[in-house]
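Hi,

Here is the structure I promised to pass on to you.

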2 protein chains.
Amino acid sequence: MKAEILTALREAEGYVSGQQLCQRFGVSRTAVWKAINQLKKEGYAIEAVQNRGYRITDTPDILSEDELRSIRRTAWVGEKIYYYEATDSTNIRANRLAEEGAPHGTLVVADAQDAGRGRRGRGWDSSSGTSVYMTLLLKPDIDAANASMLTLVAAMAVAEGIRRVSGLNAQIKWPNDIVINGKKVCGILTEMSAQMDYVNHIVIGIGINVHNESFPEDIARTATSLLMESGGEHFHRAQLIEAVWEAFEGYYERYLATQDLRDLRNAYDAGLVNLGERVRVLDPKEPYEGVAQGITDRGELIVDKDGTRTLVSSGEVSVRGIYGYV
Amino acid sequence: MKAEILTALREAEGYVSGQQLCQRFGVSRTAVWKAINQLKKEGYAIEAVQNRGYRITDTPDILSEDELRSIRRTAWVGEKIYYYEATDSTNIRANRLAEEGAPHGTLVVADAQDAGRGRRGRGWDSSSGTSVYMTLLLKPDIDAANASMLTLVAAMAVAEGIRRVSGLNAQIKWPNDIVINGKKVCGILTEMSAQMDYVNHIVIGIGINVHNESFPEDIARTATSLLMESGGEHFHRAQLIEAVWEAFEGYYERYLATQDLRDLRNAYDAGLVNLGERVRVLDPKEPYEGVAQGITDRGELIVDKDGTRTLVSSGEVSVRGIYGYV
């Protein structure tokens with residue numbers, strides 16, 4: 001009921017009387033009072049005025065299941081939310097939940113991970129209080145061959161979510177890194193469990209640096225956070241999470257209609273940090289340079305190499321901007 | 001040490017003295033005696049003759065980690081074995097073990113499953129004492145796009161293992177069912193966990209009907225067991241398991257060299273039950289008939305449709321023999 005009370009307080013213009021809350025949720029005054037007290041303990045600033053009722057005056061950056069549920073506006077993402085103060089990794093957790101029958105749209109969020117994963121088995125630094133770690137579970141009826149494009153869909157959603165909440169110019173580095181001013185602010189790890197061509201489930205793991213004030217030396221030159229890029233602003237993580245998945249639902253629908261990116265290419269390219277710029281394609285066989293020209297319907301990067309159109313499709317291949325960091 | 005003593009008893013021509021066993025394993029006579037007694041309790045027939053030693057006279061169909069380890073001859077499959085009297089599903093178990101860091105080649109075997117899985121989320125009847133349920137964990141350095149061919153490699157290994165242990169003419173129904181006299185004796189469920197094009201791990205789950213005396217009505221017409229096809233013989237499941245993985249290791253090496261089936265096509269086609277026969281391809285768009293002509297380098301089924309060569313590649317498409325059951 002705490003989440004519902006939070007929602008009611010937020011939706012109200014002014015005060016909400018205890019009486020109203022009792023009637024709306026069919027509980028006693030004492031129950032409402034207890035829930036309000038609990039919310040205060042969790043950090044919400046709630047004012048109680050005799051004969052007027054309750055009013056929420058400040059929402060600090062609280063990450064909890066109640067908080068996430070109370071601000072949820074998505075249609076199907078997060079209908080089921082699992083929140084952990086700490087977990088091994090939200091992707092591992094989501095994979096387990098999938099095996100145990102969790103439904104399409106289940107969202108796993110954690111404040112800290114102790115086995116955060118990056119691509120190809122690398123680690124992902126995941127301390128508490130600073131970042132968003134979350135994983136969406138999908139059980140779509142798509143061909144396994146089309147699944148990898150979902151990671152580009154997720155990248156579009158994260159960039160848009162960050163722009164909406166922070167106003168910062170979050171761009172996409174192909175295929176699925178999010179950068180601000182040339183530095184990486186988010187990593188996405190999409191994993192699939194499949195039987196031959198049949199998809200069991202897909203998990204899209206997203207880590208966003210929010211309140212980090214600095215980074216370890218080895219990544220300091222290439223990593224950044226929303227706080228650092230905004231000159232010290234503390235953005236509300238639950239709102240950021242909500243904004244990302246709201247954007248995702250729209251993009252996902254357009255992906256699903258064709259199972260490719262034909263309806264999303266233009267929007268993707270508009271956010272592409274390297275569009276029209278010279279890039280270096282670190283092809284393991286022979287690196288080459290060219291001009292990035294956007295993506296194909298299947299999410300490959302089109303690179304013009306001295307007038308020849310080449311397609312970069314493999315996650316094996318790293319693409320670097322020649323000027324700047326990315 | 002039990003597994004090692006079992007191996008020693010099996011390798012010996014006649015009796016093995018307690019003294020020899022003590023020296024070989026660096027343990028006391030009492031320890032040997034205890035291990036022998038334990039083995040007897042588990043069902044092994046071991047004769048003990050004063051002044052001569054121990055001799056194994058009969059090995060019933062015992063499935064246990066010791067039994068599997070004692071007859072293991074594979075190079076890398078089953079270096080780590082997890083045996084369960086009952087588990088949810090050996091594929092689920094292997095997926096978990098993979099997440100927890102279990103190495104390439106880990107083998108999971110169970111006597112019974114209470115959540116056995118067939119393709120596309122269907123169940124797989126998995127009662128105890130009658131069948132082989134096992135899953136091999138692979139962590140190969142291959143392209144995700146090439147992974148689905150591994151299920152054909154596994155099919156070849158199962159057919160060969162069954163032929164070797166039982167002498168029955170096990171054949172392959174494309175892509176990966178094993179049939180004897182037109183009835184299904186084994187199902188294979190290959191699942192992959194991947195990050196875009198990078199393979200985290202693959203599990204190959206294999207269920208073989210061994211001692212089943214009958215099947216439920218709904219599958220009785222299409223299912224069979226080694227016992228039913230041999231007229232009542234009880235084959236030794238651990239030996240069957242060993243034979244399958246010995247065959248697998250050879251085929252796998254040839255697959256890995258090219259990451260496709262070019263070196264295995266002929267051997268695969270030789271075991272293909274429908275080779276040269278008319279089949280019905282249940283293409284969801286438009287079913288058609290033609291003559292099965294074997295597989296391509298990538299494991300697609302070649303079907304000659306009135307002189308036109310068509311390739312059947314999707315697991316969506318079921319191929320049925322027109323005469324007989326499969």
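Let's start in chain A, where α6(A) passes α9(A) in a right-handed crossing. Keep in mind that this is a predicted model. To find the pair, look for residues 150-166 of chain A, which form α6, and residues 237-258 of chain A, which form α9. Their axes come within 7 Å and cross at roughly 140°. Angles over 145 degrees would count as roughly antiparallel, so α6(A) is oblique to α9(A).

Which residues make the contact between these two helices? On the α6(A) side they include A:L150, A:V153, A:A157 and A:I162. On the α9(A) side you'll find, among them, A:L240, A:V244, A:F248 and A:Y251. Sorted by class, the contact of α6(A) with α9(A) has 16 nonpolar, 2 polar and 3 charged residues.

Now hop over to chain B. Here the pair is α1 (residues 2-11) and α2 (residues 18-25), with axes that come within 11 Å and cross at roughly 130°. α1(B) and α2(B) are therefore oblique to each other, and α1(B) passes α2(B) in a right-handed crossing.

Who touches whom here? From α1(B) come B:E4, B:I5, B:A8 and B:E11, and they meet B:L21, B:R24 and B:F25 in α2(B). This contact of α1(B) with α2(B) splits into 4 nonpolar and 3 charged residues, with no polar ones.

Cheers

Terms used: Residues are numbered from 1 along each chain as its sequence is written. Chains are lettered from A and ligands numbered from 1 in the order in which they are written. This is a predicted model: local features need pLDDT of at least 70, side-chain atom pairs count only at pLDDT 80 or more; totals for chains, interfaces and linings use all residues. Side-chain values use heavy atoms; hydrogens and water are left out. Axes are lines fitted to C-alpha atoms, for helices over the stretch in contact, and angles run from 0 to 180 degrees between N-to-C directions. Helices (H or I, at least four residues) and strands (E, at least two) are DSSP runs, numbered from the N terminus. Angles under 35 degrees count as roughly parallel, over 145 as roughly antiparallel, 65 to 115 as roughly perpendicular and the rest as oblique. A crossing is left-handed if the near helix is turned anticlockwise from the far one by less than a right angle, and right-handed if clockwise. Contact means heavy atoms within 4.5 Å. Ala, Val, Leu, Ile, Met, Phe, Trp, Tyr, Cys and Pro count as nonpolar, Asp, Glu, Lys and Arg as charged, and the others, Gly among them, as polar.
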